[in-house]
Amino acid sequence: MSKQLIGLDCPGCGIQRSISLLLDGRLEDSFFMYPGLFPGMFLFLFLIFDWWANVKYGEHIKLWATIITIGTILTSFIAKMAIH
């Protein structure tokens with residue numbers, strides 16, 4: 001929708017196609033479609049795991065996983081904008 005309104009992809013564009021490629025077993029294609037999916041999945045799964053099992057240094061892991069996820073999403077978004 002953002003591409004139709006302002007002519008630019010949003011930082012989340014490609015995540016659905018990336019999940020579809022991942023479910024088809026095409027890991028490399030999935031990564032190149034949306035690199036933030038993999039650190040985002042780790043963060044999501046760790047949040048669920050940490051909710052049930054109190055992980056030592058869990059807050060540090062969540063912080064760094066969040067930073068890496070956001071950094072990956074923003075870096076790939078900026079690179080995509082620079083290419084187009």
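Student: What pLDDT does the protein average?

Tutor: The protein, a predicted model, averages a pLDDT of 91, and 95% of the residues score at least 70. pLDDT is the predictor's confidence in each residue, from 0 to 100. Local features need pLDDT of at least 70, side-chain atom pairs count only at pLDDT 80 or more, and totals for chains, interfaces and linings use all residues. Residues are numbered from 1 along each chain as its sequence is written, and side-chain values use heavy atoms, without hydrogens or water.

Student: Where is confidence lowest, and where is it highest?

Tutor: Helix α1 (residues 2-6) has the lowest mean, 71, whereas helix α4 (residues 37-52) has the highest, 96. Where pLDDT is low, the predicted coordinates should not be read in detail.

Student: How many helices and strands does the protein have, and what makes a run count as one?

Tutor: There are 5 helices and 0 strands. Both are DSSP runs numbered from the N terminus: helices are H or I over at least four residues, strands are E over at least two.

Student: Why is α2 called roughly perpendicular to α4?

Tutor: The axes of helix α2 (residues 15-23) and α4 come within 11 Å and cross at roughly 80 degrees. Axes are lines fitted to C-alpha atoms, for helices over the stretch in contact, with angles from 0 to 180 degrees between N-to-C directions. Under 35 degrees counts as roughly parallel, over 145 as roughly antiparallel, 65 to 115 as roughly perpendicular and the rest as oblique. Therefore α2 is roughly perpendicular to α4.

Student: Which residues make that contact?

Tutor: I15, S18, I19 and L22 of α2 meet L37, F38 and M41 of α4, where contact means heavy atoms within 4.5 Å.

Student: Why is S30 called buried?

Tutor: Buried means under 20% relative accessible area, exposed over 50%, and partly exposed in between (1.4 Å probe, protein chains only). S30 has 0% relative accessibility and therefore counts as buried. S30 lies in helix α3 (residues 27-33). Neighbours within four places in sequence aside, S30 is in contact with S18, L21, L22, L37 and F38. Of the 84 residues of the protein, 26% count as buried.

Student: Is Y57 buried or exposed, and what is its phi?

Tutor: At 56% relative accessibility, Y57 counts as exposed. Y57 is found in the loop between α4 and α5 (58-83). Although not a glycine, Y57 has a positive phi of about 65 degrees. Most residues other than glycine have a negative phi.
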